[in-house]
Amino acid sequence: MLKNKTTGSMLIVAGTTIGAGMLALPIASAGLGFMTALALIVASWILMTYTALLMLELHQFAPRDATLNTLAKRWLGKRGQYIANFSMVFLFYALCAAYIAGGGAQLQERINLGFELEIAPQFGSVILAVIIASVVTLGTSKVDKFNRILFSIKVIVLASLFYMLTPYVQSKHLLEMPVEQGLILSAIPVVFTSFGFHGSIPSIVKYVGLDVKVLRKVMIAGAVLPLVVYIFWQLLSQGIMSQSDLLNSEGLSGFVASVASIAHNSNVSLAVKLFADLALATSFLGVSLGLFDFFADAFKQGDNNQGRVITALITFIPPLGFALFYPQGFIMALGYAAIALVVLAVFLPVAMVYKQRASTSTNTGYKVRSGSIGLLIAALCGVLIITAQFMQMSGVIPAIG
């Protein structure tokens with residue numbers, strides 16, 4: 001049973017990470033060259049895996065059902081709790097609203113084509129929100145089972161894409177150097193956010209239990225899967241097209257059309273669309289599960305039917321409302337996604353672990369190897385990501401992705 005939960009939890013981590021944002025990576029890294037893009041991806045993976053393990057170091061000193069709300073209050077006090085709660089709600093509501101709006105539009109298009117109907121995009125958003133909310137409300141085990149099905153199909157689609165595109169990879173494209181240094185800074189926030197799964201860590205701890213050895217395996221293996229997929233995806237996207245062609249692609253749709261044209265295969269576009277649908281669904285599941293458990297903890301809702309329904313309403317009604325009636329709001333909020341994620345996934349774990357280690361003189365329990373130097377390097381990486389994001393927003397460096 002535990003082994004089954006371990007595998008499912010790995011796939012929840014991977015499914016949350018490998019979202020529709022993966023498709024933006026070739027656009028974000030256009031002009032960097034394959035080796036530079038690879039270095040950024042690996043560095044982001046190391047940073048995010050390290051801070052995920054820091055979270056496990058904290059969870060062993062907290063109750064099994066503790067979320068970021070409880071952890072921040074315990075080690076950083078009320079002020080830290082407010083910062084954690086604001087960052088969590090701000091980022092995850094924005095993400096859920098984006099998934100509901102984008103996924104709803106995709107679902108509406110599929111329903112209209114499949115059943116020859118003319119339903120509004122808003123109706124598609126409501127249907128998607130109800131489906132995901134129903135699965136999440138039933139519990140992590142149901143999310144696990146549903147996610148496994150979606151993830152399995154997603155792997156098949158990705159394998160098909162790799163099969164169709166690999167013959168067109170040219171080594172000369174992979175050896176190209178960065179066009180300009182400023183593009184490296186521009187790509188940092190996009191690459192960093194493509195490894196964001198930390199909001200689902202408390203849900204996985206609650207699901208698997210406080211077995212740090214098992215949880216460590218879940219975090220590392222769950223994060224390695226996206227790393228491998230991203231590397232292969234970069235190998236294909238940057239190996240098929242030259243940097244100049246990538247830079248001239250008019251966004252994601254232009255990139256997909258160019259790739260399909262080069263491969264002389266219209267199925268490429270179909271596979272990318274299907275992957276985007278599945279990636280959005282698995283990411284939405286992971287993000288909303290983390291937010292659901294966060295609210296259950298913050299509002300002290302029980303694990304009974306009534307408590308779970310109330311928590312579901314708090315989790316899904318606001319982002320659904322934003323997606324339907326104020327789409328500009330969450331689009332604007334997504335511009336700050338990298339900053340909020342740095343607070344949640346870097347600054348808070350580093351600060352809490354620093355306080356935890358300073359408050360005890362014993363070496364009992366699991367401790368991430370790295371010492372204070374590792375915490376300092378992680379914090380400096382967070383500062384670099386936020387600086388790059390602000391430079392983009394102020395127009396100092398180009399905004400891409």
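A residue is termed buried when its relative accessible area is under 20%, exposed when over 50%, and partly exposed in between (1.4 Å probe, protein chains only). By this criterion Q81 is buried, with a relative accessible area of 8%. The structure is a predicted model, in which local features need pLDDT of at least 70 and side-chain atom pairs count only at pLDDT 80 or more, while totals for chains, interfaces and linings use all residues. Residues are numbered from 1 along each chain as its sequence is written, and side-chain values use heavy atoms, with hydrogens and water left out.

**Surroundings of Q81**

- Q81 lies in helix α4 (residues 68–115); helices are DSSP runs of H or I, at least four residues, numbered from the N terminus.
- The side chains of Q81 and N69 form a polar contact at 2.8 Å (a pair of N or O atoms within 3.5 Å, one able to donate a hydrogen and the other to accept it; residues adjacent in sequence count only if both atoms are side-chain atoms).
- Leaving aside residues up to four places away in sequence, Q81 touches N69, A72 and K73, where contact means heavy atoms within 4.5 Å.

**Cysteines**

- The structure holds 0 disulfides, defined as pairs of cysteine sulfur atoms within 2.5 Å.
- C96 is buried at 0% relative accessibility, whereas C381 is partly exposed at 28%.

Note on methods
Helix = DSSP H or I, 4+ residues; strand = E, 2+ residues; numbered from the N terminus.
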